[in-house]
Amino acid sequence: MIERPIPPLLDALLDACHDAFIAIDSQGNVIRWNNMATKLFGWHPGEAMGRPMAELIVPEAQRDQHERGMKRFQETGEVRMLNRRVTLQARRRDGEIFPVEMTVSMGEDQGRVVFFSFLHDLSERRRTEDQLLEIARTDTLTGLPNRRHVRERLDAAIAAAKRRDRGLAVLFIDLDQFKVINDLQGHHVGDMVLKELAKRLKANLRQNDFIGRLGGDEFLLLMEDVEQDKDAVIVADKLLDLIAEPMQLEPGKPLVVTASIGLSIYQGDETTSDILIRQADEAMYRAKRDGRARLAKWHDRTTPASVPPAAPRAPFFDFMEKVFAKPQANPGFGAREQFLQDALRATREHFGMDVAFISKFEEGRRVFEQVDPPVNSALIQQGNSDPLEETFCQRVVDGRLPECLPDAMANSEASSLPATREIPVRAHLSVPLLRKDGSVYGTLCCFSHAPDMSLNERDVDMLRVMSVMLNERMS
Ligand SMILES: Nc1nc2c(ncn2[C@@H]2O[C@H](COP(=O)(O)OP(=O)(O)OP(=O)(O)O)[C@@H](O)[C@H]2O)c(=O)[nH]1
């Protein structure tokens, strides 16, 4: 059949075939090469005929194996791949390696053995499979790897940690009071928060980190080659700050979101991905119980002394919810006053301050719109008689005083103000209140008579969010 001219019908049939057809003799040299073989591999029949097939289509990495198979046949007559569909890599003329499905059959021609094979290009199918797999492993909202992908990656990381005797850490990240964002600002804002968070986390990944979304407001960060717990703690602390940076999702509406993080560390042989995730999840819940916006380590459970004491401050969103989740009262004067009073009380309690107030700037003077506690006559008398220039509020707006001052008495600018000395003000937080056009019309402030060294910029961000929401509700 092979060395005689092929009858035109058979010739036509093979050339019409959608798969490549290659026949070789018992030495491995090509004795038939159809049109599809030319299309698939790039060699014309004139170039292919008589040459070893291995040179034309077998990738270099597989040539030894191919040669061994041919040799085995020549010595023993055994052919392992016969009449089976096998998937293997092939090589095009330009060097590209691609997957094919191949079936090999054996025949006889004039007393000599010939092998013939059909080869089907799997590249397109593989691409589609890869795309489907990618879709199945990706979270559609954030584009991050989803729970399934995280699990696969964690399994692989545990196997590698075992093999190489290296460390592995898992951070379980859960947003705080995310439901409140959905409830107060709408699901679309919640979605934007999740996307912005994913963007931040991705942008801050280190080479050996892997981040995925487990679902809802839960994310998991996997850190390979972590040698000491403290390395993971440093990363977690950075993440807490990164997440809490105000988000500008809609113009003029900064939003502060915090997260609780649980850390678990690969402990050796028996650890599985289920165990690591469960431990990190348990630690995360402890972080929630301890006041949210913090890290808890799973392995600290047995050493309670090393767990940091619970922060006295209530979680930010509890505080926001207290103020804004109530049904909106009628916009009558009394209702407005009551709302402001409630908002100031919640602010004062949240930051652990003695007084909270809204002051307005009118014709060079400061006028109190509202003060909590409501009867604070010293402050009201003192404040209302101050020329604006001499007030703490105006100096914050001018930038002469910072918005966060843990101890006003330790600051010469602040302590030189008569009001600061007379009232007497120590810890102080203050943010400007802005009209829609961006001009300042007053401030939202709170202070205590005792210093509070734990006040920081994050508190200012939260107060600023509070001021924006107050503006929205009141305008
Ligand atoms: N916008 C949005 N919300 C989601 C999505 N998936 C889950 N959620 C919501 O996320 C919220 C998750 O709330 P929880 O984790 O139970 O509780 P939390 O309000 O975050 O409170 P703590 O975790 O206790 O701090 C629920 O209200 C879900 O409806 C999503 O894809 N988009």
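Let me start with Arg-137: leaving aside its neighbours within four places in sequence, Arg-137 is in contact (heavy atoms within 4.5 Å) with Leu-144, Pro-145, Asn-146, Arg-148, His-149 and Glu-152. This is a predicted model, in which local features need pLDDT of at least 70 and side-chain atom pairs count only at pLDDT 80 or more, while totals for chains, interfaces and linings use all residues. Residues are numbered from 1 along each chain as its sequence is written, and side-chain values use heavy atoms, with hydrogens and water left out.

Where does Arg-137 lie? Arg-137 is in the loop between helix 6 and helix 7. Helices here are DSSP runs of H or I with at least four residues, strands are runs of E with at least two, and both are numbered from the N terminus. With a relative accessible area of 19%, Arg-137 is buried. Buried means under 20% relative accessible area, exposed means over 50%, and partly exposed is in between, using a 1.4 Å probe and protein chains only.

Now the salt bridges. Side chains of opposite charge can pair when their charged atoms come close. A salt bridge is counted when a side-chain nitrogen of Lys or Arg is within 4 Å of a carboxyl oxygen of Asp or Glu. How many salt bridges does the structure hold? The count is 34, and I will go through a few.

Helix 6 covers residues 123-136. Arg-126 forms a salt bridge with Glu-129, and the closest N and O atoms are 3.8 Å apart. The two residues are three apart in this helix, so about one helical turn separates Arg-126 from Glu-129. Arg-126 is partly exposed at 32% relative accessible area, and Glu-129 is partly exposed at 40%.

Next, Arg-92 and Glu-96. These two form a salt bridge with the closest N and O atoms 3.0 Å apart. Is Arg-92 buried or exposed? Arg-92 counts as buried, at 16% relative accessibility, whereas Glu-96 is partly exposed at 39%.

The next pair joins two helices. Asp-274 and Arg-151 meet through their side chains in a salt bridge, 2.6 Å from N to O. Asp-274 belongs to helix 11 (residues 273-289) and Arg-151 to helix 7 (residues 147-164), so this pair ties together parts that are 123 residues apart in sequence. Asp-274 is partly exposed at 42% relative accessibility, and Arg-151 is partly exposed at 26%.
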